[in-house]
Structure formats: structure tokens, C-alpha cells
Amino acid sequence: MRYDLINNNQLLASYRNSVTSVHFPVGTPTLVAAKDELQTGLEGLLGRKILIQTNLSNASIVVGTVKSSNIIASLGMDQQLTKVGEEGFVILTTKKDQKNVIAIAANSDVGVLHGVFHFLRLLQTGQTIQNLSITSAPKIKYRLLDHWDNLNRSVERGYAGFSIWNWHTLPDYIDQRYIDYARANASIGINGAVVTNVNANATILTKEYLEKVAALANVFRTYGIKIYLTGRFSAPIEIGKLKTADPLNEDVKRWWKNKIDEIYTYIPDFGGFLIKANSEGQPGPQDYKRSHADGANMFAEALAPHGGIVMWRAFVYSNESPEDRLKQAYAEFKPLDGKFNDNVAVQVKNGPLDFQPREPFSPLFGAMTKTPLFMEYQLTQEYLGFSTHLVFMAPLFKEVLDADTYAKGKGSTVAQVIDGSLYGHSLSGMAGVANIGNDIDWTGHPFGQANWYTLGRLSWDHDLSSAQIANEWIRQTFGNDKGLVDTVAKMMLSSREAVVNYMTPLGLHHIMGYGHHYGPAPWFDKASRADWNPVYFHRADSIGIGFDRTSKGTNYLSQYAPELRKKYEDISTCPEDLLLWFHHVSWNHKMKSGRTLWEELCYKYYSGVDSVRRMQKEWNSLEKQVDKQRFQQIKMLLAIQEKEAVWWRNSCLLYFQTFSKMPIPPNYEKPDHTLEYYKNLNFPFAPGNGK
Ligand code: GCV
């Protein structure tokens, strides 16, 4: 939404030719917002005043719905409009009175807004606007940001400042940021925001706070965004003065029904609840020997008359130390398939563990046929270097979406599960744990915005490739110069594999610092639970390294389809990028490259650092093409990333070497500190632990 003047003169002249005046119907706040956006956008991009009026019969662009605009109604676009549903849009070059016009049309005002943003994107990314014939509708219905924001404005796993929700000054003070947040989301099709942390606080459900939530909802509504809250399961006790929160207890049910009815008096289009229950100490139905389905259905019944939904999280693991934590979500939820009400979706993290640089897809995606499953990604980089590392996540998201579950035979991708098409579910959803805070650039790292952008674009259309998304984002963020676009795209598209390599190559996982997850700590073994210790996950010993999850180990593999089981069970067919996720592998094991496992581990860690150094060089080559402030900011962040990548590499290899007893090959640069030095590093104030 920078809307900088187009600097390609030829293109500018041709756009100016095609865009002279705009017919825009009067109407709802959403249409007004769309009109204002179009005006701001066009005037910025084209560098001239644009006439936008209701009764321009000879405008070069006509916008609206059949209902709001006689001109749109007269253009005979019914056939295209039937394809785009409630939120999609049509952009068409057509004839009016023998003259070419561009029509931006939709079935709803929000669809018009989405169409306007898309049209602006065409201009910002330097595409032709001749002979347009675009029909676009979202593939996924619920496209959400989940904020882990606390009421005191700390953000759990947030690395971009404090929460943007200023609960203290709400509802009377409407910060311009709320409006810009809604504009940014609408520009990429996000249509829901869960504004509170899943580690929930019941206070949000009190009258005083609901008034504040309603004020935010009023801002969002104009932009087609619904508000959702997180539900503290024990709220009936904490703020309702009941003795129990048992979901089958009639008083408890009544309490939630009344509370939910009350919410709808403040927010008539309230979206519903996201709930974390019986996980990491949060209260839930199992406290009363009830199932997750009992808990979810209690909320669902109360929400159903209002059209609200429940997103029940599958991120659960018991308080007792488990045999293999990764097996638990499946064990809990698979037996409940078919037991959830129609307005319940189970929200599943992309992988079975916890947003690691690389995980296989969660086996639940291939296991629940009767329950709509929503995808949960994490935009905030809890395990990916916080907001100081440049990591473009589209390749991570796509890797999961494109994965084949084999649930209904070959070609049953995760994307088809979550867009509802594989089993014909009408509920479908994709959420990203937000990386937004009150930092001036919203995400701490300017490239963090690319991940927010990706969530929106992929949830609208999961067929977009990572390269397409990067290309769009770069053009709108830095400009359309081909050399610049290519260089930044190279950096972005290699950045995910880089972080995998310098943190957790070959399927290693969860070897980050304890609690705050900052930096490496593969040696850590002091946590109260076995599965909070990195040593639990990498299992390095004198023989080798890795977690045996095959039939000879924990048999976690049994939760996948037979085709996948077979492939991963056999060390010779198991993809090497997940080798240590599934196997305990001897240090001398011969890898496909001809190197031993130990040599390969060294190679990967060193190549991760090399990739960051390459990114630095690439960025430095752009000094003249990027404004000074952003150039310097990103240069400094890349320097931190390089320093931390070296820290990861050195400390992990020195530590694993104590087991392998093998040398780091002599052609590699030597670690500049001892293992003891790394072990003694301490970060009492690492960010993101906000409570
Ligand atoms: C909101 C991980 C994070 C927690 C987070 C949890 C979850 O364990 O470290 O901070 O809690 O995931 O997704 O619920």
C-alpha cells in the first residue's frame, strides 16, 4: 500500500491513458472505503488527480455490484459473477457505448473492495491492464490472523513490540493503526482476526472489555473482517462465579449461552471462538473427564444460532511425560472424528511438533475425514530467529500444502484437506499466528511483512507459487526494476532452506534455548518434562543421532498412510531432509552425497552460514536501488542473522562432536569459541515470553 509513483514512463503513460475517471456507486461504509482506497492508490501510482464520481456515465473504470451500480448491472456480467461467490471479484475489460471500460465488479461490497485492491496490485506490479479477464474467488473460507496478544499488551512469542491493541484507550480512542491493519488485511483477503492469546484471559468476556472488542469490530467490519476471541474454558468459574466449568453441566451451558448471546448484542457479526484446552496447563473439558468434542460442542451449540464457529486447537499434549509427544494429538483427536458439531473445525498446526524450521505435515491431516481441519501456521518466528532473521516462509507453507496424505489415494494433498474439497466440507480455514506488534514497520523485520502477505495470498489461492508471491510482494514493497526483483527474490526463496541448514538440518528439531527458544541449546537437559529438553529430541550418542520413530522406535510413523510409512520407515528411501526426524542414524552412515552423516551435518551447517553471507552480498548490491533507511535497517539485521547463524553452527557442531568424536573437516573455518563459551551464554530477558 505504498502506492509510489510508477517510475516506468511508458507504463505510466499507458496506465494514465486507460485510467482517466472512475464511476463508483455511493453506498455502504465498505464501498466508501473501497472508493477512498482506489483514489489514494491511483493518485499515488499515477501522480495525478483522478475523478471518482457516482454519475459518470463515460468513466474509463466502472466499479460496483449489480445492486449498487446501474452501469455494472447493464454490462451483462452475470456469468462471471456466478463464479466468484460472496467475497470474490471480476475485473473485466468490456465495451460500454462502443468504448472500452474496465469493470471491477462483485456480488458484495466486500468483493468490490477485494477487486479494487487486486486492480491496484496489477498496477503496482507493473502488469498490463489491457484486455483484462479476471475472475477470482477465495479457495478457503476462513482466512485468519491469530494474535497471541495479552490484555497487558505483551505478546506471547511476539518480537515486534507490544500489542497493537491498546485496551486501555479503547473503546473511545480509535488508533489509525486499527484502520491500517484492516486495510492491509483486506488487501490480501484476510477476513478474520482472533485478537487475544490462546492462553486466554476470561476478563476479555466482561462487559467492559466486550465494549472495547466491539469498537475494534466496528473498524474491521468495513473491511470485511470479523472479530474472534479466545475462550478461557474456566471462565464460568473465574468470572461467572460457578463452581464448575464442566461442559455437560446445565448451569455451565447456560452461562456460556448467555455470555455468547451477550457478545452478539455488542458484535452482531462476531465470528466465534478459538480455543486451546487441556494443553500446556490450560483448563479444558478433560478436567471434568469430558472429551474435546464435549467441550467444543458446548460452545458450538451456543454459537450456532448466531452463525458463529468454534476453532478447537489440536495442539494438545498431556501433563505427564509422554512416550513420544508427537503421537498425542492424533491419539486424542482421531477417535473423535465425527463427534463434533457442524460449526466446529479442529485447528491443526502444520507439523506435529511446534512450528519448527522443517517438520513433516501433521498426520491428523490425513486422518480425520468427517471433521473440517483448519491449518495453523506461525508467522511470528518463535523458532526461526525471531524478527531479526530474514526467513520467507512461503516455501515452508507450500511444502506442507503440497504434501500428499494419500488419505483418499495418491494426490490427496494437505491443501485439498484444508480447503474442504477432499471430503466436501463447507468449513475451511487457514490461520497464521500473527507477527505484528506496534513496531513502526509492524513486524520488526521489514521482510516479516512478506510472511503476513503470504498468509493472505495463500489462503485466498493456495495454488500460487512461492516465487509468484515473492515477486508480487517485492514489486509492491521495493519496486519493479528487474534486477532488484530478481535479486531480492533469490534472497527470499533461499532463506527458508538457509535457516533449516544453520539451525536444524537433516530433520533435527527443537534444539533451541529452553523456554524463550532463542538460539541453540542442544545440550539442555534440565527441564522438568523430558519433552521440553533438546536432548530428548536429538538423542545424540556415541553411535549416532536422531529420533527413531519407525516401527522399531516409537512407531509414530504408524499415524501416516501406508505409502508414506513405507517410504519413511526404510532409511534408504527416507528423504534426507527429515532423516533424523524419523531415524537414529549412525555417524558413519553413507548419505546420497557420498559423505558420512557427520560430514553431511557439517556440510549443512556450513552451507547455512554461507547462504546468509550470500544474502548479505546480494543485499549490499542493491544499495542504490533501495531507500537509505530500509537499506541500512536490513543490512544491520542481516549482520545479526549472520552472527547468529555462525553461533548456531559452531555451538551445535562442537556439541554433537562430543558424541561423534569426529573432526570438523579441515577446509571449514574453525569455530571461534569453545563449547563451554556457548553453553554459558544466558538470555534472561529474551523477548517473547510475555505473560
Ligand atoms: C500460546 C508453543 C509456544 C507457546 C504457545 C503454544 C501454543 O508451545 O511456545 O508459547 O502458547 O505453542 O501454540 O499454544
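Tutor: Gly272 stands opposite Ile309 in S11. The model is a predicted one, in which local features need pLDDT of at least 70 and side-chain atom pairs count only at pLDDT 80 or more, while totals for chains, interfaces and linings use all residues. Residues are numbered from 1 along each chain as its sequence is written, and side-chain values use heavy atoms, with hydrogens and water left out.

Strand S11 (residues 309-313) runs parallel to S10, and 4 bridges join them; pairing requires that DSSP find at least two bridges between two strands. Strands (E, at least two residues) and helices (H or I, at least four) are DSSP runs numbered from the N terminus. Together with helix H10 (residues 292-303), S10 and S11 form a right-handed β-α-β unit; right-handed means that, with the strands pointing away from the viewer, the path from the first strand over the helix to the second runs clockwise.

On its other pairing, Gly272 in S10 faces Tyr228. Strand S9 (residues 226-230) pairs with S10 (residues 272-275) in the parallel sense over 3 bridges.

These strands belong to a barrel closed by 8 strands with parallel pairing, in the order S7-S8-S9-S10-S11-S12-S13-S14. From one strand to the next, the twist averages 25 degrees; axes are lines fitted to C-alpha atoms, for helices over the stretch in contact, and angles run from 0 to 180 degrees between N-to-C directions.
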